[in-house]
Amino acid sequence: MDNKLRLESFARIYAEKQLGGLHYASFLPDKNIVSISRPDHTTVHEATSFLISRKSSGKAINTVRNEANDIKKFLDFMLIWEIELLESDLLVVLEGFTDYLQLIRTDVGIEDALEWVMLKTIPLNIWGG
């Protein structure tokens, strides 16, 4: 399947997918900590622990926040496709994630995590939509 046809097929699936929310990264300025939460507002402990360790090892908070957004995108991809990472072919997952990154909007600009987590459909970029 050529790249354009594959991406168009995925775009149709993403446009029709109904979700109760996506993961979100939150920043606590008073503690200078970044955490990642699930759509039901529970903390993703593994990802949050990783981010805390990155901050503890001397990484700048903006670097850690960018890493949190990247992790969030991957967690969203796994949520959408209901992927169990330990039971999956990693190469197929990474190829699918690469396609996902090409299709989602990167200019959402939503600062309010609650607004993002309550989305019912996945916003696609103009080219992907």
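## Overall architecture

The chain has five helices and two strands, and these elements follow one another along the sequence in the pattern α-β-β-α-α-α-α. The model is a predicted one. Of the 129 residues in the chain, 33% are buried, and the accessible surface comes to about 8200 Å², with carbon and sulfur atoms contributing 56% of that area. Among contacts between residues at least 6 apart in sequence, 55% join residues at least 24 apart.

## Helix α1 and its buried side

Helix α1 covers residues 3–16, and at 1.5 Å a residue its 14 residues should span 20 Å, which agrees with the 20 Å that separates its end C-alpha atoms. The buried residues of α1 are L7, A11 and Y14. They lie on the same side of α1, because the arc they cover around the axis is only 65°. The cover over these buried residues includes α3 (61–81) and α4 (90–103).

## Salt bridges

The count of salt bridges comes to four. One of them joins the side chains of E8 and K4, at 2.5 Å from N to O, and both residues lie in helix α1, four residues apart, or about one turn of the helix. E8 is partly exposed at 34% relative accessibility, whereas K4 is exposed at 51%.

Another salt bridge is formed by the side chains of R6 and D99, at 2.7 Å from N to O. This pair links distant parts of the chain, with R6 in helix α1 and D99 in helix α4, 93 residues apart. R6 is partly exposed, with a relative accessible area of 26%, while D99 is buried at 5%.

Methods
Residues are numbered from 1 along each chain as its sequence is written. This is a predicted model: local features need pLDDT of at least 70, side-chain atom pairs count only at pLDDT 80 or more; totals for chains, interfaces and linings use all residues. Side-chain values use heavy atoms; hydrogens and water are left out. Buried means under 20% relative accessible area, exposed over 50%, partly exposed in between (1.4 Å probe, protein chains only). Contact means heavy atoms within 4.5 Å. Accessible areas come from the Shrake-Rupley method with a 1.4 Å probe; for residues, only the protein chains shown count as cover. The expected span of a helix is 1.5 Å times one less than its number of residues. The arc is that of the directions from the helix axis to the C-beta atoms.
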